[in-house]
Amino acid sequence: MAGFQYTKVGGDSYTDNLIGTLLAILGNLLVSVAVCIQKYSHVTLAGTKDPRVFYRTKTWWCGLVLTALGEAANFVSYAFAPLSLISPLNAVSVIERYVLSFLGCILTIAGTYLFVTFGPNYHQKLNAKNIVTQVVGWPFLVYVLLEIITFCLLLYCYKQRNADYLVVILLLVALLGSVTVITVKAVAGMLVLSIQGTMQLHYPIFYVMFVCMVATVVFQATFLSQATHLYDSSMIACVNYIFSTSFAIVAGAIFYLEFFHMDILHICMYLLGCVLCFLGVFLITKNRKKLKAFEPYVTMDMSQGTEGIPTIHDKEWRAVQPDYNGSFSYGALVNNDSVVPVSLPTPDQLAGTVSPADTLYGTADLKND
């Protein structure tokens, strides 16, 4: 097909695939480690009396630097390997973050081996002229039109009909992500050509792709932030990986024609690897242990508080939170909601009540005393 110039499968092609794969794996590992480090920084500050904000701690900045390095490695990997090879490698970060299911890890590793081995090996020259040719081609225009219509319908349901389902939110993220990966690969490819000596930065298409890349990334982050406020992070990681990878593969196949020179056997083995990765990620996140929600309570033991009421930040305080028994409780106090309350006696009933002293001694004897 017209548009891109393909290189033959050979040593250089496999070398580029290997470089892109290793960069993507390294980038995803760095990002995953960075997230853990930043989370440790937030938890440490929340459990101490440290008055500093999170961005004034060394651990948080260490995580930020690792995040930048990881995303840079992911960005460069798109310039060496096809989209359909780089996108499924996000499963590496899920394996590292949720190492809980042995079967899930085995399936994910096996799927990664299959789609890396049988993935596309044809590479394109990503110069400005070829990119413009593909942008104005009818396959991509039809694809973008369908994406815009689907995105508008989902956004209308989400905003106007309050359809804040996880599938709806993550479909919006995946639709934006398919545009993001197209623009990221185009920008990375033109930057690499410019560094190699063929300047591409004076073409307007470079800046169009760059603006689209930044805009879609910002909107993706917005929708993902809204999803994290409503749903569990493990569920988001699983569904977002499946949706985003699927749409990225379709986008690469339509815009960059990555499957154009592949035979049926290689395509089927590649798709089998993706399915194994999807199933593995599902099992990994499904078996993640759910944390018990914290229940606030008041302790009745004030003996260990040296200065006023102890707080959760006092390291000397060793009060243990009571087990959750289905009802809200305070410390060791038992919930007596099932006990029928006793009504207080009226003044008339109190006047006619005979005291125990009157029964034993009699009224006259008490008066004589």
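Predicted model: local features only at pLDDT ≥ 70, side-chain atom pairs only at ≥ 80, totals over all residues.
Local features in the model need pLDDT of at least 70, side-chain atom pairs count only at pLDDT 80 or more, and totals for chains, interfaces and linings use all residues. Residues are numbered from 1 along each chain as its sequence is written, and side-chain values use heavy atoms, with hydrogens and water left out.

The protein contains 14 helices and 0 strands, in the order α-α-α-α-α-α-α-α-α-α-α-α-α-α along the sequence. Helices (H or I, at least four residues) and strands (E, at least two) are DSSP runs, numbered from the N terminus. Of the 369 residues in the protein, 37% are buried. Buried means under 20% relative accessible area, exposed over 50%, and partly exposed in between (1.4 Å probe, protein chains only).

Helix α10 (residues 233-255) and helix α11 (residues 264-286) have axes that come within 8 Å and cross at roughly 165°. The two helices are therefore roughly antiparallel. Axes are lines fitted to C-alpha atoms, for helices over the stretch in contact, and angles run from 0 to 180 degrees between N-to-C directions. Angles under 35 degrees count as roughly parallel, over 145 as roughly antiparallel, 65 to 115 as roughly perpendicular, and the rest as oblique. The crossing of α10 and α11 is right-handed, a term for a near helix turned clockwise from the far one by less than a right angle (left-handed if anticlockwise).

The loop between α10 and α11 holds L257. This residue is not a glycine, yet L257 has a positive phi of about 55°. L257 counts as buried because its relative accessibility is 8%. A positive phi, near 55°, also occurs at N162, again a residue other than glycine. N162 lies in the loop between α7 (138-159) and α8 and, at 59% relative accessibility, counts as exposed.

Helix α8 (residues 166-196) includes K185. With a relative accessibility of 3%, K185 counts as buried. The C-alpha atoms of K185 and P82 are 8.5 Å apart, while the two residues are separated by 103 residues in sequence.

F54 belongs to the loop between α1 (11-46) and α2 (58-80) and is partly exposed, at 33% relative accessibility.
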